[in-house]
Amino acid sequence: MAHYVMSDIHGEADRFHAMLEKIQFSPDDTLYILGDVVDRGPEGISLLKTIMGMPNAVMLLGNHEYMMLQYMSPGANETDIRRWNRNGNAPTLAGYHRLKDTEQQKILSYLRTLPTHMEVMVNGRKFYLVHGFPGENVHDEIWSRPTLETPNPIPDYQLIIGHTPVQYLIKDEQEQINFEIEIESKGEHLHVTHAPGFIDIDCGCGHNMPIKALACLKLEDMEEYYI
C-alpha cells in the first residue's frame, strides 16, 4: 500500500494514465491530486470523470476548478467569466458542453465538495497537501505562490504544493529564463523542487514548453517519477 501525490495535470490524460502505469498504481494505493486537473490540455473533463470514478483518488481544489465553479455559477459576473476565459478554459468548456445535463451537474457537485488542503500521515511523518500555499481562506490556499525563500508556516508538517511551475519560484526573470534555457539545452525536463520550506511538484504539465513533465511523488520514500 503506497501513497502518491500529483498536481497540475491540466488535461494531459495520456501522461496521467502513463504515470499510473509507471508507478503500478493498484486498488490498495492512494493517490492525492493537488488540483488543476482541467484547462489548457485537451482532456480535462474526461480526466475529472476518471478521477471521480477512482475510489482511492483524493482530489483537492485548484484555482482552475475554482474558476470553473465561478464561471458556471448562476451569479457569475463579467470578471468571473473573463478570468476563466483568459486561463485556457476552451478545451474544458467544450468537453463540458458535450455532456448531458445530469453529467454536468455531477461534475459541478463533485468540484464543490473538494477541500483546499489535506493533512495526512504516512509512516509517522505528517504532510500538509495544498494547491497553492497554506492560507487563512480558500483564495489564499488556491492562488498563493511562494518563492524559493518562503518559509514553511506550519513547520510540524512537510508541505507539498503545486500551482507554481518550479521555474517560477525563481524571483529574477532573467535567472528564470536562463534556468529554462539550460534545462532545454541539456535535453532535460523540470524536476520537483525541494525548497527549504516546501516541496513543489508542479513541473509544467499543460504548458506549451518542451521541458515540461508530469511529476509524481511517493510519500513513503519520497521517490520521484516523471512522464
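In which loop is the place of Asp-156? In this predicted model, for which local features need pLDDT of at least 70, side-chain atom pairs count only at pLDDT 80 or more, and totals for chains, interfaces and linings use all residues, Asp-156 has its place in the loop between α7 (138-143) and β6 (158-161). Residues are numbered from 1 along each chain as its sequence is written, and side-chain values use heavy atoms, with hydrogens and water left out.

The protein contains eight helices and 10 strands, where helices (H or I, at least four residues) and strands (E, at least two) are DSSP runs numbered from the N terminus. For 227 residues a compact globule would have a radius of gyration near 17 Å, and the 17 Å of the protein agrees with this; the radius is taken over C-alpha atoms, and the globule rule is 2.2 Å times the number of residues to the power 0.38. The C-alpha trace spans about 45 × 45 × 35 Å along its principal axes. Of the 227 residues, 54% are buried, a class defined by under 20% relative accessible area, with exposed meaning over 50% and partly exposed in between (1.4 Å probe, protein chains only). Among contacts (heavy atoms within 4.5 Å) with a separation of 6 or more, 66% join residues 24 or more positions apart.

Five strands form an open sheet with mixed pairing in the order β4-β5-β6-β8-β7, two strands being counted as paired if DSSP finds at least two bridges between them. Because β4 (117-122) and β7 (193-194) stand at the edges and each has a single partner strand, one side of each is left without a neighbour in the sheet. Strand β4 pairs with β5 (residues 125-130) in the antiparallel sense over six bridges, and within this pairing Val-120 stands opposite Phe-127 in β5. The loop between β4 and β5 holds Asn-123, which has a positive phi of about 50 degrees although it is not a glycine, and which counts as exposed at 65% relative accessibility.

A positive phi, of about 60 degrees, is also found at Met-222, again not a glycine. Met-222 lies in the loop between β9 (215-218) and β10 (223-226) and, with a relative accessibility of 16%, counts as buried. Asp-156, by comparison, is exposed, its relative accessible area being 61%; the C-alpha atom of Asp-156 is separated by 9.2 Å from that of Tyr-128, which is 28 residues apart from Asp-156 along the chain.
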